[in-house]
Amino acid sequence: MRPADRDLPAGQPRPAARVRLAALYAGGFLGPFGGAMTSSVLPEVGADFGVSAGSAAATLTGYMVPFALFMLVSGTFGERWGARRTVLLAYGGYVVASVLCAVAWSFPVLIGGRALQGAANAFTTPLLLATIAAVTPQARLGRALGVFASMQAAGQTSAPLLSGLAAEASWRWAFVGAAVVAGALAVVGLPADPPRGGDRPRLRSAWRLPTLRLAAVGFVAWGCLGGLSFLVALRLGDSFGLSAGQRGLVLTGFGLVGIFTARLTGWSIDRFGARRCALSGAAVGGVLLAGVGVLPSVVAVGVLWAVAGAFSQAVIVGLNALVLSADGGNRGGAVSVVQSLRFLGGAVSPVAFVPLYHLDPVSAFLVPAGLVLAVPPVLLLHHDRSRPDTVAARR
């Protein structure tokens, strides 16, 4: 019997299991979409509530902070309560939060709804990843995680466009759409939780030193590479005079390349090893980022930034594969910590690099490029060398 069919009663058709398996991957779209859905409609949101577009940017922070902080513990608690039950409840919470945002009658209510969205999504992403690892043959784990990563990239890349289109009528319709998608995913459901023996997972089991090393790599890799689109946008405007629409078009290349190469990235992880792919992604990504900061051609900057999307995916998918293929009974908790630090890195990135950009634009790119080149090798090459990082390494 296929792993995805384990939750089926006798006589239930296998297509139902396939639908649930598809919903498992589709859940990866919802979180990044929710995080970025107000990024292109800040002026409209601000105008509705009588605040500036800069103040309306709090709708982004209001989502990301609870999302990242709750994810520090959400995986472990979800493993205790049951991944399927937890994710379905989180989808329900996401529906309520999205409706609250759609009908928000004041700006504080909107911020509260965004915070609830972020908190709810914190209980989906790591548990979806852990469930994928549970229902996927180990030899194909990298490819499965690559597909999930492509869905995440699709959510993040499409959010500004879809929200912008919705704002032609009202930005509130974007939240209605998010509520409908979350409700549909809850109705479809997920594969059954795999059998688990032993004691209930504890928080400390997710905070082991090998996991913290991987989390630190995610913090640096996303904060200094994947999360630097704002810095690239500043350079595109200041150095080349691109308009907002032109900047958005160039930035979209990063996500599109990440979407179309994620499956290839997963195959490479299965074939060559997760640690090797993560190290290669960091090395090439760091060099590409340096080029984005110094090359005098807007075409070259756009191409390098787009290609960097593929190598950023190699780092993140490689880290997920490393933590999910490790021994231990709390994979959900461990990947939760890694994902949390990844998004915290993205949240800290503007605070760290925008002031540096105003002092010296070139250094604002070379410093994060240097960190991406230096930190992952130091941490990953010390990541418990006695353990293989993938099934391919165990063959």
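How many helices and strands make up the secondary structure of the chain? The chain has 18 helices and zero strands, taken as DSSP runs numbered from the N terminus (helices H or I, at least four residues; strands E, at least two). This is a predicted model, in which local features need pLDDT of at least 70, side-chain atom pairs count only at pLDDT 80 or more, and totals for chains, interfaces and linings use all residues. Residues are numbered from 1 along each chain as its sequence is written, and side-chain values use heavy atoms, with hydrogens and water left out.

**Chain totals**
- Of the 395 residues in the chain, 53% are buried (under 20% relative accessible area, with exposed over 50% and partly exposed in between; 1.4 Å probe, protein chains only).
- Among contacts (heavy atoms within 4.5 Å) with a separation of 6 or more, 85% are between residues 24 or more positions apart.

**Core**
- The largest nonpolar core has 101 residues (buried Ala, Val, Leu, Ile, Met, Phe, Trp, Tyr and Cys joined through side-chain atoms within 4.5 Å).
- Helix α15 (residues 298-324) gives the largest share of this core, 12 residues.
- Residues with the most contacts inside the core include W171, W305 and L380.
- Leaving out residues up to four places away in sequence, L380 touches L214, V217, R275, A278, L279, L319 and L322.

**Surface**
- L209 lies in helix α11 (residues 209-226) and is exposed, with a relative accessible area of 52%.
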